[in-house]
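Subject: Structure handover

Hello,

Here is the structure I promised to pass on.

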Amino acid sequence: MSESGSLHRPSATPHPWARTTIAAIITLVLLSPILVVFWLALRAPVAWQQAGPTLGTFWYVLTETKVLHWLGNSLLVSLISTVCSVLVAAPAGYVLSRGRGGATSAFSLFIFVLQSLPAVAFVIPLFIMFANLGLADTLTGVSIVYVASSIAVGCWMMTAYFDTLPVTLEEAAWIDGASLFGGFVRIILPNSLPGILSTALFAFLHSWNDYLVASVFLRSESAFTMPIGLQTFFQQNLADWGPVMACAVIMLAPPVIVFAVLNRYFSIGGIRGSLAGR
């Protein structure tokens, strides 16, 4: 019996330590550029003429440069873009998901065509128009561009998520006496938190990492955002890599913190209770 049992014994699987080692090597390779950034961030500024790693570089960029001011500008325009994009994309995505008719299809096609055009095609005409309106070289003008460029993708993201929610959720609310807007606010939005957060993160990162629009619209150092402020550390024939990478680490912190805080909300488990009676 033991011999026959051994004949049908399943093949041995890799040891847990082997899988862990392979995963650790792959992770290390993928994270190696980030590790290099952290290592270079410990390099002292060129003016210090100091060898060896030091944390003083972070103190230098925070106290001796306008990094904190640029960081505040980036946070301001990113938050404005995020809030406005979600406020527009959520109801628009709901209409595109539930609406039926030629007007809805035409609007969907318009959004797709608008998003397919390269951003560089809009930058110069927008700059000329904003210059005539007095919005060039201002955070207000940059925020308007970020909101406009984020809404199209935000609408598509919210539409795709609303398509996963059954119409019976709204119908049950309508039967209970809720209006169309009431069903959307009280039923659909609470069950769409992962989609809303995904749209918000996209809008935030789109504004936070942008360089093209900011480099065209912003000229005053007081209006710089972080991506534009980084270029001030580059000279004609020399790059002060220590402060540059320290700024890169500082710039990396807010998105990581935001994602770490909101990560637990990326779940569709909240819908299960609403569908229990289906």
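The notes below go from the whole chain to single residues.

Ground rules first. This is a predicted model, in which local features need pLDDT of at least 70, side-chain atom pairs count only at pLDDT 80 or more, and totals for chains, interfaces and linings use all residues. Residues are numbered from 1 along each chain as its sequence is written, and side-chain values use heavy atoms, with hydrogens and water left out.

**The chain**

The chain has 13 helices and 0 strands. Helices (H or I, at least four residues) and strands (E, at least two) are DSSP runs, numbered from the N terminus. Of the 278 residues, 35% count as buried. Buried means under 20% relative accessible area, exposed means over 50%, and partly exposed is in between (1.4 Å probe, protein chains only). A contact means heavy atoms within 4.5 Å. Among contacts with a separation of 6 or more, 75% come from residues 24 or more positions apart.

**The largest pocket**

The largest pocket has a volume of about 420 Å³. A pocket is found on a 1 Å grid over the protein atoms alone, as an open set of points where a 1.4 Å probe fits, with protein on both sides within 12 Å along at least five of seven lines; lining residues have an atom within 4 Å of a point. Grid points are joined across faces, edges and corners, and the volume is the space filled by probe spheres set on the points.

The lining has 21 residues, and A119, F122, V145, A148 and S149 lie nearest the centre. By class, 17 are nonpolar, 3 polar and 1 charged. Here Ala, Val, Leu, Ile, Met, Phe, Trp, Tyr, Cys and Pro count as nonpolar, Asp, Glu, Lys and Arg as charged, and the others, Gly among them, as polar. Helix 7 (139-163) is among the helices that supply at least two lining residues each, as are helix 5 (102-116) and helix 10 (193-208). Helix 7 gives the most, with 6 residues.

**Helix 5**

The buried residues of helix 5 are T104, S108 and I111. Seen down the helix axis, they fall within an arc of 60°, so they line one face. The arc is that of the directions from the helix axis to the C-beta atoms. Helix 4 (67-98) and helix 7 are among what covers these buried residues. The face turned away carries the exposed residues G102, A103, L109, F110 and S116.

**Helix 8**

In helix 8 (residues 168-175), L169, E170 and A173 are buried. Their arc is 95°, so they too line one face of their helix. These residues pack against helix 4 and helix 9 (180-188). Just after helix 8, G177 takes a positive phi of about 105°.

I188 is in helix 9. Its relative accessible area is 0%, so I188 is buried. I188 touches Y94, R98, F162, L165, L169, E170 and G183, leaving out residues up to four places away in sequence. A173 is 15 residues from I188 in sequence, and their C-alpha atoms are 9.9 Å apart.

S192 sits in the loop between helix 9 and helix 10. S192 is also buried, with a relative accessible area of 0%. With residues up to four places away again left out, S192 touches Y161, F162 and L165.

Best wishes
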